[in-house]
Amino acid sequence: MSLRPAAASDLLIDGKLIPGSGGTFDVINPATEEVIGQAADATAADMDAAITAARVAFDTTDWSRDHAFRASCLRQLRDALLAHADEFKALATEEIGAPSFLTGGPQFQGPAEDLGYFADLAESYEWTRDLGVAKPMGLKNQRELRYEAAGVVGAITPWNFPHQINFAKIGPALAAGCTVVLKPAPDTPWAAALVGKVIAEETDFPAGVINIVTSSDHGVGAQLSSDPRVDIVSFTGSTATGKKIMAAAADSLKKVFLELGGKSAFIVLDDADLAGACAMAAFSVVTHAGQGCAITTRLVVPREKLAEAITATRDAMAGLPADDPAKPGTICGPLISAAQRDRVESYIAIAKEEGGTVEIGGGRPADKDKGFFVEPTLISGLDNSARAAQEEIFGPVLVIIAHDGDDDAIAIANDSPYGLSGMVYGTDEDRINKVVNGVRTGTMGVNGGIWYSADVPFGGYKQSGIGREMGVAGFEEYLESKAVARPA
Ligand code: NAD
């Protein structure tokens with residue numbers, strides 16, 4: 001079976017692959033600006049049908065109670081996806097602009113394999129826990145805690161790592177026994193829609209358990225946050241949209257689970273390998289053109305080593321040009337769209353207006369007349385209060401900031417509305433630990449350490465979000481607990 005749709009990709013609603021009532025919209029290759037095909041354009045009526053299907057499947061089938069069946073469906077999905085891995089990876093490069101070195105990792109292969117982790121959790125989770133006997137109000141009672149699926153999940157996802165984020169939502173939600181309506185970003189509809197095709201044609205998921213609704217209209221996603229039949233909205237995207245979703249969810253008091261933006265700091269202590277740290281910071285910010293919420297975008301270095309750090313980072317960036325994502329060795333591909341490129345370029349202009357110096361990059365690559373590319377860019381001469389240091393740019397743009405010692409570095413890292421991730425480079429364990437403990441973020445790497453894995457909860461402090469994705473904590477986001485007591 002070829003995944004690439006002959007006409008347009010379909011919606012998956014109530015177990016059937018169907019066209020969107022709104023016709024189709026274009027899927028664009030961000031490296032070439034070519035239209036590579038079409039996706040089904042869902043309307044409000046299609047979303048309504050998807051929510052109905054998910055509600056009925058949750059309320060009237062045994063899906064939420066049959067842990068072994070859910071595990072087997074998820075393993076079937078993992079295996080079917082991996083059987084199509086070459087095609088999914090090639091399409092991820094075309095649709096997302098993902099460099100091929102990432103499609104073998106977090107842009108497809110890793111997250112597809114991780115569905116097995118959630119299948120295992122469905123079977124191994126301690127669904128019932130004995131709380132023993134107690135004497136509330138003097139009466140002896142035997143108590144237990146039962147964990148149950150929370151209901152219908154509306155999953156709304158962005159375009160930057162669509163497979164990773166789609167699977168990190170549908171994997172644990174389905175493993176927990178929820179039913180799901182997935183609404184992917186308009187820029188990357190195929191990454192989700194083609195998973196829907198695999199589900200419909202190659203797995204035993206019952207009708208309505210998983211529904212996939214692509215649309216060019218953000219309002220179709222907004223339905224998930226306001227519809228009272230949806231129990232949880234699981235959202236990844238910008239902080240601005242997260243706030244709208246939380247407000248829209250208030251009326252039906254549904255649970256919101258939010259993975260939002262970041263402006264993470266890469267702290268270099270004065271006893272660190274400066275050149276190694278700067279090379280890693282450059283690599284990190286150009287990876288997938290900086291379109292990662294957990295990417296470190298502020299490089300915070302000892303003031304007395306600032307000049308040396310600028311040179312080392314600039315040299316490292318010079319070896320990581322923006323290029324064709326299909327070309328082996330490319331680290332920095334294109335931005336997803338013209339709008340995103342305009343946004344990144346506007347932030348470079350703002351940084352210059354605020355007194356920043358562009359040390360390298362700052363524009364479009366001279367050798368490319370097509371594609372939404374921006375050169376890897378290093379900006380110096382700003383302090384942490386500058387807009388380029390405070391606001392999420394979501395491009396290959398690194399701001400280098402001087403610190404005056406470990407405490408100052410921690411303060412700079414924390415002087416941000418966000419709290420998603422971070423990195424510290426140093427040699428003294430006590431000093432490293434002080435930084436790790438002092439920085440208020442959901443994840444921290446030490447000397448290049450990589451925390452990303454299926455069993456590691458990921459999420460943010462402050463305006464980077466609410467809740468955790470992946471790991472047992474990510475699975476438990478989709479559960480409710482029920483306390484049961486009887487006289488003993
Ligand atoms: P976005 O917020 O514009 O859109 C994300 C999704 O929300 C899309 O599917 C979109 O259609 C939908 N949407 C838009 N308006 C909506 C509304 N009012 N109600 C419901 N749904 C709505 O974000 P984006 O531009 O697609 O992605 C980039 C942003 O996502 C960046 O800010 C980035 O930091 C963030 N992000 C965060 C994480 C994380 O895990 N913390 C991961 C990836 C991306």
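Predicted model: local features only at pLDDT ≥ 70, side-chain atom pairs only at ≥ 80, totals over all residues.
1. Valine 153 sits across from valine 180 of β8. Glycine 154 likewise stands opposite valine 181 in β8. The strand β7 (residues 152-156) and β8 pair in the parallel sense over 5 bridges; two strands count as paired if DSSP finds at least two bridges between them. Strands (E, at least two residues) and helices (H or I, at least four) are DSSP runs numbered from the N terminus.

2. A remark on the basis of these values. Residues are numbered from 1 along each chain as its sequence is written, and side-chain values use heavy atoms, with hydrogens and water left out.

3. How many residues of β7 are buried? In β7, 5 of its 5 residues are buried, where buried means under 20% relative accessible area, exposed over 50% and partly exposed in between (1.4 Å probe, protein chains only). Val152, Gly154 and Ile156 lie on one side of β7, with Val153 and Ala155 on the other, and both faces are covered. In a regular strand the side chains alternate between the two faces of the sheet.

4. Strand β8 (residues 179-183) is also mostly covered, with 5 of its 5 residues buried. One face of β8 carries Thr179, Val181 and Lys183 and the other Val180 and Leu182, all of them buried.

5. An open sheet of 7 strands runs in the order β14-β15-β16-β13-β12-β18-β19, and its pairing is mixed. β14 (357-360) and β19 stand at the edges with a single partner strand each, so one side of each has no neighbour in the sheet. Within this sheet order β13 and β12 are listed side by side; strand β12 (residues 264-268) and strand β13 (residues 296-302) pair in the parallel sense over 4 bridges. Phenylalanine 266 stands opposite leucine 299 in β13.

6. Which residues come nearest to the ligand? Of the 28 residues around the ligand, they are Thr157, His218, Ser238, Leu260 and Glu392; a residue is near a molecule if one of its heavy atoms lies within 4 Å of it. By class the shell holds 15 nonpolar, 9 polar and 4 charged residues, with Ala, Val, Leu, Ile, Met, Phe, Trp, Tyr, Cys and Pro counted as nonpolar, Asp, Glu, Lys and Arg as charged, and the others, Gly among them, as polar.

7. Histidine 218 places a polar side-chain atom 2.7 Å from an oxygen atom of the ligand. For serine 238, a side-chain N or O atom is 2.7 Å from an oxygen atom of the ligand. Glutamate 259 contributes through its backbone, with an N or O atom 3.5 Å from a nitrogen atom of the ligand. Taken alone the ligand exposes 850 Å², of which the protein buries 89% (Shrake-Rupley method, 1.4 Å probe).

8. The shell around the ligand draws at least three residues from each of domain 1 (11-260 + 464-487) and domain 2 (264-453); these bounds come from an automatic or database domain assignment. α8 (218-226), β10 (232-236) and α9 (239-250) each supply at least two residues of the shell.

9. Two backbone angles deserve a look. Glutamate 33, not a glycine, has a positive phi of about 65° and is found in the loop between β3 (24-28) and β4 (35-40). Asparagine 447 has a positive phi near 50° and lies in the loop between β19 (445-446) and β20 (461-462). Glutamate 33 counts as partly exposed because its relative accessibility is 31%; for asparagine 447, at 38%, the class is also partly exposed.

Technical notes
Polar contact = N/O pair within 3.5 Å; in protein donor to acceptor, adjacent residues only side chain to side chain.
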